Amino acid sequence: MSGYYFSPGSRFLIKDNEFIVRKELEVDYELENLNYQQIELWRKDDLLKHWWDGTLVFRINEAEKKYIRVQNFNDLDEKSKNEAIRRYKILEPVIKGEISPSEIKSYIEGLNGQVKKSAFYEWKKRWESTEDIRALVAFKSGPKGPRISKEKQEILDGAINHYLENYIYEGLDYTYEDIFSECALRIDEENLNKEAHEKLTYVSRSKVRRRFMELVDIYKMDLPKKGTVLAKLKRDGTKKEVIATRPLQRVEIDWTPVDLMLVDPADLKAKRPNLIYAVDKCTGMPMGFFVTFKPVDSSALKQCLIHIIMPKIYLKDLYPFVEKEWIAHAIPHTIVVDNASVNDSYEFEEGCYQVGVKEVQFCKIDAGYQKGTIERAFRRLNTTYIHNQKGTTFSNFIEKGRYDAQKNACITIQGFIYMAHLAMVDIVANSYDTRRGNSPHNLWVQGIEKNPHLMLQIPRSIESLKILLMSGSELRKIHQQGVVIENEYYYSPELMELKNLFEKLNREDEKVRVRYDTSDMRKVYVYDPINNKYIKAEFTGLKRKKINIDLPVPLIALELDSKRKIEIKKSFSPSDRAKVKRKMKLIQERDEKQIKKWKRNKDEVVNQTSDFILETVLKPVDQITSKPVITTETNVEVPLVNDEIRIVDNVPEDKRNNKKKSEPRVDKEKDWYIEYEDTDDEDLPSWEATMIKDKKEMTSYE
């Protein structure tokens, strides 16, 4: 991505109003509002704030519109990415100025047919117009040819590797026709044992050439002819120490475990975080940082790169304790990183090239002196404020002694980030540096003033910067509520339009790429494969989860909430549903039997209310004591002084004439009588039922 700047003639959009820069004054810009044909004066800080808020977007470069057809390099397949990287490696000596324009012709001839002259100049034109590796991606129209079978692929790879190991890497001459002939011979040998309908056909010469370029190692090919030094120079570029003379010329990045135990909100355990830190070599100015509990990878490095490039105008709003200003920002010219395996990856390098970094250098193993600026910066941070905090692990076990860092840990990652801003801005950037003779802040300001041609370039918009470098990336299906990340739904009207379009095209089950900033989960970006753009979607449930949305919401906050819900879910027994189903089945079977019984005795008049009391409340009858058992699920001790229910054969006359009581029911099978009142269940006393079967017992009770 080529950088953008508020230079005369540049155009940008602010809230549907298009502006063009007419003049650059000391602290202001003279702008022309093209919508209203008016001249306006704007302060630079106000323009940067609009860019930070996402309301200012530069007008897209026509060259980018023509040559860049993909939003993110990682959205491509491996073949397309490798081809673009190969083209960049071929152009690299010309880009760095190692080969002058007059030497380009001989340089192309020395590539042994790897690229045609017309193609080379086309790649060079694309790069000079955009300075973006995405412009080197090959896009071919029309249907692709059929792929060869796995068996033919193995034969082709074997023939190519045979020539690579025995001829090319030994410095011997070769031609593509030699490799094609070897492949054809191997296919003929394989066909000797095959039937006519099973015989393999030859691989085309163009396929041999394309596959050769995929397998060849340029460094090994140059090694026998040019020697180790020149071969490494061509592959890695110059390795001599560069003395930075201006800001942004060389920015060093490194990472290390912090000498401080922080409380991880995901499990409330004390852990050592990893700090990724970037420093400008010329001035010693802190450029940016990133803190994570997870292992450092290329995604974490790209998060740090976002912080390096973006203006730090958020300080007063998010961190009011910070008194000074953090003015360091913009796209660096060169980035130097450690040669550890986490950094030596194409993913981070690709991200740098996409945002406009001209060069990425990797130091030699155990060569910390090559990036001494960042090494000294880490030591200063440790001695400035880390080793005097509760929970510090100190630099070594001798300093630590018997100090229990885990027990004394009391700082969260959010608090550490706040403290890091205080240390880097108010102490490191604005304190006197004896080695440089001034503070990094003053040296930065002086360096910008001495180099008026040095423009603090920023990407076209903050959204484009985040889409290129955001470390969070998932494939998700679009639901009615939006897309979900860590149990949080993100929604926007444009996202629903994409969902409806998928349904029209019978692609409703297709998953889309969702990118998000792990340091701020208040919004995500969803890739629209139909219109080749990213759609912004906002959060929907952070307020309900009682998460403060006035500050950036890190991914770890959502992970904590998701983890808590999972633990609560596990506390419920999964067998409860089956238990209820079984009970409902028993009730169904019992009622089914009862209904069948009623249908068999349909000639008899059945009183449902009386049957319920006799069959449910007073059943079953104990055969030994002849007492009805009142069924209940609660074991209640009934005092002996409670009232009794007596069931008699003959009902007294005075009882029969009582108006408050309803008519008695006669059980035809056993000639029992029961009396009951229309009383609420809560008003019923605690009863003990007694059966009286003969008149003698009844007389004794009377």
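Q: Which helices do the buried residues of α6 pack against?

A: In this predicted model, the buried residues of α6 pack against α7 (176-191) and α8 (205-215). The residues of α6 that count as buried are Lys 152, Ile 155, Leu 156, Asp 157, Ala 159, Ile 160, Tyr 163 and Leu 164.

Q: How many bridges join β1 to β5?

A: Strand β1 (residues 11-14) and β5 run antiparallel and are joined by three bridges; as one example of such a pair, Ile 14 has Leu 56 in β5 as its bridge partner.

Q: What is the strand order in the sheet with mixed pairing?

A: Here five strands form an open sheet in the order β10-β9-β6-β11-β12. Since β10 (286-292) and β12 (359-362) stand at the edges with a single partner strand each, one side of each is left without a neighbour in the sheet. Neighbouring strands are turned by 20° against each other on average, with direction ignored. Strand β9 (residues 274-280) runs antiparallel to β10 and is joined to it by six bridges, and helix α16 (residues 413-428) packs on the sheet, touching β9 and β10.

Q: Which residues have the most contacts inside the largest nonpolar core?

A: As a general idea, nonpolar side chains tend to be buried together in soluble globular proteins. The largest nonpolar core in this structure has 110 residues, and those with the most contacts inside it are Phe 6, Phe 12, Leu 47, Phe 120, Ile 253, Tyr 277 and Trp 326. Helix α16 gives the most to this core, with nine residues. Apart from this core lies another, of 21 residues, among them Val 514, Met 521, Ile 547 and Val 553.

Q: Which residues is Phe 12 in contact with, leaving aside its neighbours within four places in sequence?

A: The contacts of Phe 12 beyond those neighbours include Phe 6, Leu 31, Leu 47, Leu 56 and Phe 58.

Key: Residues are numbered from 1 along each chain as its sequence is written. This is a predicted model: local features need pLDDT of at least 70, side-chain atom pairs count only at pLDDT 80 or more; totals for chains, interfaces and linings use all residues. Side-chain values use heavy atoms; hydrogens and water are left out. Buried means under 20% relative accessible area, exposed over 50%, partly exposed in between (1.4 Å probe, protein chains only). Helices (H or I, at least four residues) and strands (E, at least two) are DSSP runs, numbered from the N terminus. Contact means heavy atoms within 4.5 Å. Two strands pair if DSSP finds at least two bridges between them. Axes are lines fitted to C-alpha atoms, for helices over the stretch in contact, and angles run from 0 to 180 degrees between N-to-C directions. A nonpolar core is a set of buried Ala, Val, Leu, Ile, Met, Phe, Trp, Tyr and Cys residues joined through side-chain atoms within 4.5 Å.
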